Amino acid sequence: MIRASVSLEPFSPDAEVARFSSLRGDGCGAVVTFIGYCRGRSKNRAVTQLELEHYPGFTEAEISRLATAAGEKHDVKDLLVIHRAGAIATGDPIVLVAAMSAHRAAAFAAVEELMDYLKTDAPFWKRETGPDGAHWIEPTAEDRIRREERAK
Amino acid sequence: MTRLLFFGRLRDVAGQGERLVDLPADIGTVGELRAWLANEDADLGAALQAGGIHVVVDQVLRNGAAVSVRGAREIAFMPPLSGG
């Protein structure tokens, strides 16, 4: 099952991973997780707050679509995505992606693929606030290159 | 009434994230809607013409000036996605 949600409140990756893993059947031999955190620096600028704007309904649907695509590509049926939106404090988790599969390779591949999709294609608008004011952020060239490599 | 939504830097330019409007009967496409908005707010018009703006009509991504907005309840203008 694909479980995708956007949370306006901080969430506990530990509790979510525990809940997700508890759903595994006896054919599951691997759970792979990725947790992304809000860094306190970006391109050598201090970041005091990150704001992620989303489009309620549309953003969740798009994340589900991306997760379904990553799962189908690697034959992984169970994926979990929790993505923060709203005002995020530095150090807080922003995204949790978890996959379960019979063996580790498929789960690793699905998580990495889905993270690459999310970094460029998820409908979020990101604004970093630092000592020199607030800036809207767009995907980095590196993110785009990784995404294009995926599309080949 | 049609709900117009503006995200990211477009929200800043529009001054608000949401506008409820009565679309005139002669506005049938995204291109005509952009021109109508530009007529009353040149800055917003310029921002909506910039590259990389995506348009979502009733929660479905529908890029292109010729896309119909007739009968739409919600039209969202999205600047380039920041990603997660």
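Predicted model: local features only at pLDDT ≥ 70, side-chain atom pairs only at ≥ 80, totals over all residues.
**View 1. Contacts across the sequence of chain B.**

**View 2. The overall size of chain B.** How does the radius of gyration of chain B fit with a compact globule? A compact globule with 84 residues would have a value near 12 Å, and chain B has 12 Å, so the two agree. Along the principal axes, the C-alpha atoms of chain B fill a box of roughly 35 × 25 × 20 Å. Of the 84 residues in chain B, 31% are buried.

**View 3. Where chain B meets chain A.** Here 13 residues of chain B are in contact with 20 residues of chain A. On the chain B side, the touching residues comprise 7 nonpolar, 5 polar and 1 charged.

**View 4. Two helices of chain A crossing.** Helix 3 (residues 104-121) and helix 4 (residues 141-151) of chain A have axes that come within 9 Å and cross at roughly 130°. These two helices of chain A are therefore oblique to each other, and helix 3 passes helix 4 in a left-handed crossing. Which residues of chain A make the contact? Helix 3 brings Glu113(A), Asp116(A), Lys119(A) and Thr120(A), while helix 4 brings Asp143(A), Arg144(A), Arg146(A), Arg147(A) and Arg150(A). Sorted by type, the residues of this contact are 8 charged, 1 polar and no nonpolar.

Key
Residues numbered from 1 in each chain as written. Chains lettered and ligands numbered in written order. Axes fitted to C-alpha atoms, helices over the stretch in contact; angles between N-to-C directions. Helix = DSSP H or I, 4+ residues; strand = E, 2+ residues; numbered from the N terminus. Parallel < 35°, antiparallel > 145°, perpendicular 65-115°, else oblique. Left-handed = near helix turned anticlockwise from the far one by under 90°. Contact = placed C-beta atoms within 7 Å. Nonpolar A, V, L, I, M, F, W, Y, C, P; charged D, E, K, R; others polar. Rg over C-alpha atoms; globule rule 2.2 N^0.38 Å. Buried ≥ 20, exposed ≤ 12 C-beta atoms within 10 Å, placed from the backbone.
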